Amino acid sequence: MQRIAMLGSGFIGRFYADSLHGQRSRDRVVAIYARREESARKFADDYGCSFFSTDMEEVIAHADVDMVCIALPNNLHEAAVMLCAKHKKAVVCTKPLGRNADEALRMMQAVEEAGIFAGYLEDLCYTPKFLKAMETVKSGGLGRILWAKSRETHPGPHSEWFWDKEQAGGGCILDLGCHCIEIARNYIGKEVRPVEVMCWAATQVKPIDAEDHAIALVKYENGAIGQFEVSWTFRGGMDLRDEVMGTEGTIWINSFLRTGFEMFTTGKGTAYVAEKAESATGWLFPVGDEVNELGYNHMFTDMFTAAEAGREPAETFYDGYVVNAVIDAAYRSAQTKQWEPVRLPVWRGREGLTQESTLVDYDENHYLIKEEITHDGRHKLILKDKATGRILERDLI
Ligand SMILES: NC(=O)c1ccc[n+]([C@@H]2O[C@H](COP(=O)([O-])OP(=O)(O)OC[C@H]3O[C@@H](n4cnc5c(N)ncnc54)[C@H](O)[C@@H]3O)[C@@H](O)[C@H]2O)c1
């Protein structure tokens, strides 16, 4: 059992608490910190917390607290992590870990020096669909991963601080790209170094300083390519989709807008449909169990099981720091319009990888390029002569 202090009583704090108290869970949120006393009191009433305060340090240091869960605006993550390190409290922190890689690196170093458990709450790397897809990828079912694309777009966040570049640290690249980058990184292989980024970003619609739409390519050392598409201007709900392409297979995942649940209503008696849904009438695409579909349940299970077993969770502060470093490069690239290197002063993965050869021998003298049965009944082979390099076509009888 974990006795949790929640820092932040807002949108994600409540989603986390719903997941933590879900089903027959024994884990309890025992303490809550919020900026305003009435919010802290309301959260404490709703979730049965025995302690609430508007003093963050008091909540972290409380004797009943084993695990601190950071659900605060991005500019407060670092200060909260430093207090956890000071009071030697295990900590899990929402995404993005930092507003930039410097902040994230300081957080990672602080928890490592303090010797405390730390986990990065990247929920979209724990959705049931993602976990199943990763099993296939890890077993080699897709062969060598060549391209992993992840898209998260919606009509924009729900609180004012997200839209303020100083507090949030950026726009949709930081807010949504962090999920997409880590999804692609998992598929390509976390041990493979992201080397450079090419990014387009623009403020197309909203009257803000940060970007509200961006697309980027992330090049990995082994030749694989990651891609993210993020937007705060997309209309029609929350679009969470991944595509993975390997030498032996393909995965397409739609995590939210099309989960296989379709519903029509004229609008009578309808209420909440799903996160960021823009309509509650007509044909709707609800999500059966949001905390599960979004990965929160599997995420906290891994986090707390890891903490109790003395091992690292699947998503660590180190992962959060690598993601921040990729985002920093994306912001630089959007400015310079060039490929920008990913700066990783600490790198714990593999070094010097090159693209694997996938030449397939057809016979002693030829490589196989392609085999296909065409509509006229031919069984065709396209081959390359090993000695001359000539490409030739042959029919199998
Ligand atoms: N899928 C996800 O993992 C996911 C989804 C949404 C948000 N988040 C992250 O969670 C964090 C919080 O986001 P949110 O959506 O819950 O925000 P929110 O505005 O709904 O809630 C933030 C809470 O922080 C507290 N707070 C303390 N000081 C504050 C201050 N100076 N300004 C504003 N709030 C203050 C308040 O209790 C407030 O309710 C962010 O880092 C965000 O990126 C993660």
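Q: Which residue in strand 17 does Val360 stand opposite?
A: Strands of a sheet pair through backbone hydrogen bonds, either parallel or antiparallel. In this structure, which is a predicted model, Val360 stands opposite Leu368 in strand 17. The two strands concerned are strand 16, residues 360-363, and strand 17, residues 366-373, and they pair in the antiparallel sense over 3 bridges. A hairpin of 2 residues leads from strand 16 into strand 17.

Q: How many strands make up the open sheet with mixed pairing?
A: That open sheet has 7 strands, in the order 12-11-7-10-9-8-15. Its edge strands are strand 12 (250-254) and strand 15 (340-341), each of which pairs on one side only. Within the sheet, strand 7 (residues 145-153) is joined to strand 11 (residues 239-246) by 8 bridges, and these two strands run antiparallel. In strand 11, Glu243 is the bridge partner of Lys149.

Q: Which strands does helix 8 lie across?
A: Helix 8, residues 172-188, lies across strand 7, strand 8 (194-202), strand 9 (213-220), strand 10 (225-231) and strand 11, and it runs at about 155° to strand 10. Helix 11, residues 317-336, also packs on the sheet, where it touches strand 8, strand 9 and strand 15, and its direction makes about 55° with that of strand 8.

Q: At what angle do helix 4 and helix 5 pack?
A: Two packed helices are described by the angle between their axes and the distance between the axes. Here helix 4 (residues 77-86) and helix 5 (residues 101-114) pack at an angle of about 10°, with their axes 9 Å apart. Angles under 35 degrees count as roughly parallel, and helix 4 and helix 5 are therefore roughly parallel to each other. On the side of helix 4 the contact involves His77, Glu78, Val81, Met82 and Ala85, which meet Glu103, Arg106, Met107, Ala110, Val111 and Ala114 in helix 5. Sorted by class, the residues in this contact are 7 nonpolar, 1 polar and 3 charged.

Q: Are helix 1 and helix 10 roughly parallel or roughly perpendicular to each other?
A: The axes of helix 1 and helix 10 (residues 296-309) come within 9 Å and cross at roughly 70°. Angles of 65 to 115 degrees count as roughly perpendicular, and helix 1 and helix 10 are therefore roughly perpendicular to each other. Phe15, Tyr16, Ser19 and Leu20 of helix 1 make the contact with Tyr296, Asn297 and Phe300 of helix 10. By class, this contact of helix 1 with helix 10 has 5 nonpolar residues, 2 polar residues and no charged residues.

Q: Which residues does the cis peptide bond join?
A: Most residues other than glycine have a negative phi, and most peptide bonds are trans. In this model a cis peptide bond joins Lys95 and Pro96, with omega about -20°, and Pro96 lies in the loop between strand 5 (90-94) and helix 5. Lys88, a residue other than glycine, has a positive phi, near 55°, and its place is in the loop between helix 4 and strand 5.

Q: How many residues surround the ligand?
A: The ligand is surrounded by 21 residues, of which the closest are Gly8, Gly10, Phe11, Ala34 and Ser159. This shell divides into 9 nonpolar, 8 polar and 4 charged residues. Helix 1 (residues 11-20) supplies the largest share of the shell, 3 residues. At least three residues of the shell come from each of domain 1 (3-122) and domain 2 (125-341).

Q: Into which domains is the chain divided?
A: The chain is divided into domain 1 (3-122), domain 2 (125-341) and domain 3 (360-396). Taken over C-alpha atoms, the centres of domain 2 and domain 3 are separated by 40 Å.

Technical notes:
Residues numbered from 1 in each chain as written. Predicted model: local features only at pLDDT ≥ 70, side-chain atom pairs only at ≥ 80, totals over all residues. Domains from an automatic or database assignment. Near = placed C-beta within 6 Å. Helix = DSSP H or I, 4+ residues; strand = E, 2+ residues; numbered from the N terminus. Nonpolar A, V, L, I, M, F, W, Y, C, P; charged D, E, K, R; others polar. Pairing = 2+ DSSP bridges. Axes fitted to C-alpha atoms, helices over the stretch in contact; angles between N-to-C directions. Parallel < 35°, antiparallel > 145°, perpendicular 65-115°, else oblique. Contact = placed C-beta atoms within 7 Å.
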